[in-house]
Amino acid sequence: MGESAILETKCLNLWYGQKHALIDISVRIPKNTVTALIGPSGCGKSTLLRCCNRMNDLIDSSRVTGEILFNGNDIHDPRADVYTIREKIGMVFQKPNPFPKSIYDNVAYGPRIHGVSEKKVLDRIVEDSLRGAALWDEVKDRLYEPALALSGGQQQRLCIARCLAVEPEVILMDEPCSALDPIATAKIEDLIIQIAREHTVVIVTHNMQQAARASEYTGFMYLGKLIEFDKTTRIFEDPAEELTENYITGRFG
Amino acid sequence: MTGKSLSGATTVAVAGIFVVLLMAAGCVGGQSSDSSTPQHITVTGSTTVLPIAEKTKEAFEERDASADIMVSGGGSSVGIKAVGEGTADIGMTSRDLKSEEATGYPGLVRHHIADDAILLIVNPENTVDSLTLDEVRGIYNGTYTTWDQVGGPEEQIVVVGRDSASGTREFFSEYVLKKEDFVKTQEEFNSNGGIQQKVSRTPGAIGYVGLGYTGGVKALWLDVGGTAVEPTLENITSKKYPISRPLFMLTNGEPDGLARQYLDFIMSEEGQEIVASVDYIPVQE
Amino acid sequence: MKKEQAALVPFQGFGRLRRPEVRIDPSSAGAKRQLVDRIVGKLLFSVALFAIIAVFFIIVFLLRDGYQIVLETGPWHFLTGQDWNPAGQNPIFGVLPLIVGTLLVMALAMVIAVPLSIGTAVYIAEIAGPGTKAVVKPAVELLAGIPSVVYGFFGLILLTDWIRVAFDQPSGSSWLAGSILLAIMAIPTITSVAEDAIGSVPREFREGSLALGANHWQTIKNVIVPGALSGISAAIILGMGRAIGETMAVLMVTGNAAVIPDPILNVFSPVRTLTGTLGIEMGEVAFGSQHYHALFGVAVVLLIITLAVNSTARLIINRIQRTSRPTPPGWAGAASVPFVRVARAVRDFVRPQTRILHPITAQRFAFSLIALSVISVIAVLGVIIAEIVVNGAGAITWEFLTGSPSDLGRAGGIFPAIVGTLYLVGGALAVAFPLGIATAVYLIEYTADTPLTRGIRAAVDLLNGTPSIVFGLFGFAFLVLFLNFGVSMIAGQITLALMILPTIIRTTEESLRSIPHSLREGSYALGATKWQTIWRVVLPPALPGILTGAILSIGRAAGETAPIMFTAVVFSSRYLPSSLSEPVMALPYHLFILTTSVPGASAQKYGTALVLLLMVLSIYLIAILVRRRCHRAKVM
């Protein structure tokens, strides 16, 4: 774990009202890698993910202590601009959520809200982003058709393209394949590995094989605590904690 | 999803059409009022006086195309208040000023423009043709409840009257009822037309209205000292028919300009002919 | 590993967009963006406060003119006095007969309307085929679009006569006439809300019941209607609200005698309602007199009664919702609780020994009753429209549509009234539309559940329950007299705007709620601000719903008489108004005057009614079409 960390949490605690959802999480996410977060439902992995770009701000009852450092700066700093943070730390959701607009407008949405209005520039961003999400060849002839007409897998790749279009440094993915069939899932997994060449990806997944296939680092969470964080190979072959081993081998609970 | 964006466009279009319609209406309005540079006056108040104001206004405007007289109803109190406060140029009232109004607006000048007779009307099927004032009082205070008590058929009397804020009712109450209370089951309407319509459709009904509201109903003769008097224009003018009251227009101070011209026109021979033509009693021969 | 080496290379970006690397800097573009966002939020917040301010002013101005009468007569005498005789030798102001009249008329109206409406709702939701449904549903909704003064006109001319002859009564103006009329007016409200509720009963309930061998009627009776109970209660309450606040139609048919029926259930007795009292006496009353104050006292009582009805109703709904739907996790489990109960009921019902009628006979019987209720509702619509169209079509000429009235409306046309109505409605919309949308956006997108937002919501509810005549009175006391606008177009526009504001807020809120949360998250996750998200992602798909609400409120505003009769209208005007401070003519008021005050204008009367009807109905038709379009788009 010697390489530079782009995201780092220090003693992160989070409450939803009375519920203590994250307990003393300290983790360093290495730059330009894929990190998987695994653990049973309700263990806090999605919550941790949503903390990293302050999406939890949208939940009124949430309260956070501790630090999350992004490139060394605390994202909860009162002077921090939450919108720039989210621009730099993008997110892809469990269910594809394209806007009810055309494919083109979906991808161009991000650049537009950040002030890009020149048509030529937008065209290039849209094309590059769609290529980056391996969707360009499938949609290049129907960019102005409604995004909701795409299949589920295509929609999810569109959401990834939409995310890439604002050039984030980190992309957080919250079970991005859980609503997709195996073929679409495989495409997304390939895509994740490809994207990680230039971006840092943090992915929450329930799929052990996916974590093993796609990620370099894996964190195992249980009941709001980060039990273990290490190289994926290590976690899957020789975990330090018994809890982790039980979970991975399916002898859980 | 094309359907969705399309429907958005349609709705916007619909809203747009509506706005355009409004604006078009605005243009039409603008044009017609720009065609002459009208002198405005507003006349407001009693609905009883309204027909006189309305008809004389039409005749007046025919002679003077630049005049714009706006007539509205609302009631005597509205008229008094409006002219007193200066929001209208002329007020119309079918009753005299109340003491608080007279002290509140000391500048008001009354113009007695016509008289209004109050007719008792019954359904045409009713066999009763005339009543004495006492009988009328008896009907309205609840002493008589069936028509056979006053020489008619064996039928329940449906007492119909004006609402308690009306000047007509006030006059009727003072003159006929001697301020006794009305029978509580009296049905109330807020207009002469309402009463007329009600009586014309209800066999047992009796009501009181102005002279003009006799279509579809039978106007009763009044038995004065043993002789039945028909409510004709002549009898009313000569006060043989006893129930009539003055109608006024009010101005704040002596009128001038268009208001003066208009009032003069009403008082002129032509104006008073119009008064008679809408079934009121002229005040000048 | 390769990846680790790659990780050491600093991130270069795609190089297309050049933006500052520093993200935590108060002077950056981000700070500006946040500032804009905060300003918009503050702006929306202050607009949202408008509802509270409006309610505050309404209450203050009603009390300001109404408290004196209570001081003079004493609250007890005012409320329980048996006589309302403001013009007597000794004026007496007792509102008990008016309160009793209001409650009786409303109660009987509900007795008539509820079974008919629920029958019709069940028919539309459960029994009708798609073809019939496409006819019946809009027909019922069109009933809602008929202006109340048209109903009053119809009631005065046909209904009271019919009652007098059919029941052999001396007079047809009665409690019964008022109730029938109000029932007709409440039916569309109750039907459409109840139909929504029935339509949203989960399919599984239905299939579960049918799978147990219950027939269609048994399923409706034991599973579907109980399942939709809270929605149906809400529907009844909305209908009650409409009935209690109605003025113009009621005052034309109830006879307005301030008596308590004797015996109390004598439906042929004339009665007088609180709204009717305001409607007939307000125009003529001397300002500042005891009688004037008494009328404001009546308005306060009316407001309190409407409030009481609405809040009791809300309590009942909440209770029903709580008992039928406990909300712990695992909603499937929770849902199965009533279902098990219902299934048991079905079993009991199907079991042979408890049968009174053979199920098939029962179904046939029930369905014919339902058909009967549908037919009577449609027949009423048919009679009203036929009466008006047959008698009014002849009056519609070019001159009638484009000319000014003369001879008290017996001749000439109604052009100024048509334009005046458009002006009033357009102005009301121009005020209420932005205010309403901003308030709804603030309530849905900006706030958590704070005492303040609860206050705003309560204020909106209050406005929604306020009878239109009370708006009229407020407009008169505040705009016309206090602000000294005089009887003017602007006073009418603002009054109407207040009246339609809650409708626009409500429908906008509904539309916004129907936009999935995931879309907002998607936008936030790209770094969009709240306002950017609302403006670009949330509002566009919500627009059709918002517009439908706005169009429906236009229809309502165009047909209303009570709010404008003291604030904005004149009986006749040769020219169109050239400024906002001039009064205007309006179709509903013109019709009201022609009907009640001008004898011998029969053709013009029907003609005006027809034009008003066509205008309002076409507005409703547009709303229905818009909604259908959106519906289709959503299904895609």
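Colleague: At what angle do helix 3 and helix 6 of chain A pack?

Modeller: About 35°, with the axes 7 Å apart, for helix 3 (residues 103–113) and helix 6 (residues 152–164) of chain A. Axes are lines fitted to C-alpha atoms, for helices over the stretch in contact, and angles run from 0 to 180 degrees between N-to-C directions. Helices (H or I, at least four residues) and strands (E, at least two) are DSSP runs, numbered from the N terminus. Mind that this is a predicted model: local features need pLDDT of at least 70, side-chain atom pairs count only at pLDDT 80 or more, and totals for chains, interfaces and linings use all residues. Residues are numbered from 1 along each chain as its sequence is written, and chains are lettered from A and ligands numbered from 1 in the order in which they are written.

Colleague: Which residues meet there?

Modeller: From helix 3 of chain A, A:Ile103, A:Asn106, A:Val107, A:Tyr109 and A:Gly110; from helix 6 of chain A, A:Leu158, A:Ala161 and A:Arg162. Contact here is C-beta atoms, placed from the backbone, within 7 Å. That set splits into 5 nonpolar, 2 polar and 1 charged.

Colleague: Switching to chain C, how many helices and strands are there?

Modeller: Chain C has 25 helices and 4 strands. Of its 636 residues, 55% are buried (20 or more other C-beta atoms within 10 Å of the residue's own).

Colleague: Where does helix 22 of chain C bend?

Modeller: At C:Leu539, by about 55°, and C:Pro540 follows within four residues. The bend is the angle between axes fitted to the seven residues ending there and the seven starting there.

Colleague: And why is helix 22 of chain C called largely enclosed?

Modeller: Because 25 of its 30 residues are buried, helix 22 of chain C is largely enclosed by the rest of the structure.

Colleague: What about the largest nonpolar core, how many residues has it?

Modeller: It has 355 residues, and C:Leu181 and C:Leu424 are among those with the most contacts inside it. Helix 17 (residues 415–446) of chain C gives the largest share, 19 residues.

Colleague: Which residues is C:Leu181 in contact with?

Modeller: Leaving aside neighbours within four places in sequence, C:Leu181 is in contact with C:Tyr151, C:Gly155, C:Leu159, C:Ala249, C:Val250 and C:Val253.

Colleague: Last one: how many residues of chain B are in contact with chain C?

Modeller: 71 residues of chain B, against 59 of chain C. Helix 1 of chain B brings the largest share of chain B's side, 15 residues.

Methods: Contact = placed C-beta atoms within 7 Å. Nonpolar A, V, L, I, M, F, W, Y, C, P; charged D, E, K, R; others polar. Core = buried A, V, L, I, M, F, W, Y, C linked by C-beta atoms within 7 Å. Buried ≥ 20, exposed ≤ 12 C-beta atoms within 10 Å, placed from the backbone.
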